[in-house]
Amino acid sequence: MLPTSHIAYTWLALDLAQDWLGVAQEADYRLVAVAATGPDLIDKPMAAAHFYRRYKSAVLFAHTLLFNLAVFWLTVGRFRRLAVYAAAFLGHALLDRLWMFPDTFYWPLRGWRFHVWGKRGSEQTEIGKAYWYAFTRRPELWGWELGGLLALALFVWRRRLYRWENLRTFLLTGRPSKSRRFHMK
């Protein structure tokens, strides 16, 4: 899944949770976006730097169940005020449907390998080729990305971010304006 969809689904989920459950009212949506893409922000640079050559994958350690359990344990056990950001980080695994890639998700329980993306060319171009290959061979991915665009559109509509003053507040504070909030009935 592309980063924009990870962010859009997570923002909409947080927005609805804030409305319906009254949770995480002080969450900074900018940090939520970073957390929602956190596994990729960790693994992709590692893959580009060295690990792609070794593992033929850009979905590495931060995409494993072990890493996600560590994030959960640290949040629940020690840093509860960061729970909303941990939830965004953990949601990445759900949105990537990582259980479909058991070599990565259950690493190292199934061995020291990760799900192989391909073995065609240099590591500098491989990650882009892997995305191209996935999107041209797996049409269901287009549905997930379209869903991400719809989630983003609904979030923008609910928070009226199409209005400059609301968008400006959102960008500067990381929080949608409460006074102009749109409520679905």
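## A buried loop residue

Ala58 is located in the loop that joins α3 (38-55) and α4 (65-77); helices are DSSP runs of H or I with at least four residues, numbered from the N terminus. Ile42 and Ala58 are separated by 16 residues in sequence and by 9.9 Å in space, C-alpha to C-alpha.

This is a predicted model, in which local features need pLDDT of at least 70 and side-chain atom pairs count only at pLDDT 80 or more, while totals for chains, interfaces and linings use all residues. Residues are numbered from 1 along each chain as its sequence is written, and side-chain values use heavy atoms, with hydrogens and water left out.

## Packing of α1 and α2

Two packed helices are described by the angle between their axes and the distance between the axes. Axes are lines fitted to C-alpha atoms, for helices over the stretch in contact, and angles run from 0 to 180 degrees between N-to-C directions. For helix α1 (residues 3-21) and helix α2 (residues 29-36), the axes come within 9 Å and cross at roughly 130°. The two helices are therefore oblique to each other (angles under 35 degrees count as roughly parallel, over 145 as roughly antiparallel, 65 to 115 as roughly perpendicular and the rest as oblique).

From α1, His6, Ile7, Thr10, Trp11, Leu14, Asp15 and Gln18 meet Tyr29, Val32, Ala33 and Ala36 of α2, contact being heavy atoms within 4.5 Å.

## Helix α5 and its partners

The axes of α2 and helix α5 (residues 83-96) come within 7 Å and cross at roughly 35°. Here Leu31, Val32, Ala35 and Ala36 of α2 meet Tyr85, Ala88, Phe89 and His92 of α5.

α4 also packs with α5, at an angle of about 165° and with the axes 10 Å apart. That makes α4 roughly antiparallel to α5. Phe67, Asn68, Val71, Phe72 and Thr75 in α4 meet Ala83, Ala86, Phe89, Leu90 and Ala93 in α5.

## The two faces of α8

Helix α8 (residues 140-158) has 19 residues. Its buried residues are Leu141, Glu145, Gly147, Gly148, Ala151, Phe155 and Arg158. They cover an arc of only 155° around the axis, which puts them on the same side of α8; the arc is that of the directions from the helix axis to the C-beta atoms. The face of α8 turned away from this buried side carries the exposed residues Trp142, Leu149 and Leu150. Arg160, which follows α8, has a positive phi, near 50°.

Definitions and conventions
The expected span of a helix is 1.5 Å times one less than its number of residues. Buried means under 20% relative accessible area, exposed over 50%, partly exposed in between (1.4 Å probe, protein chains only).
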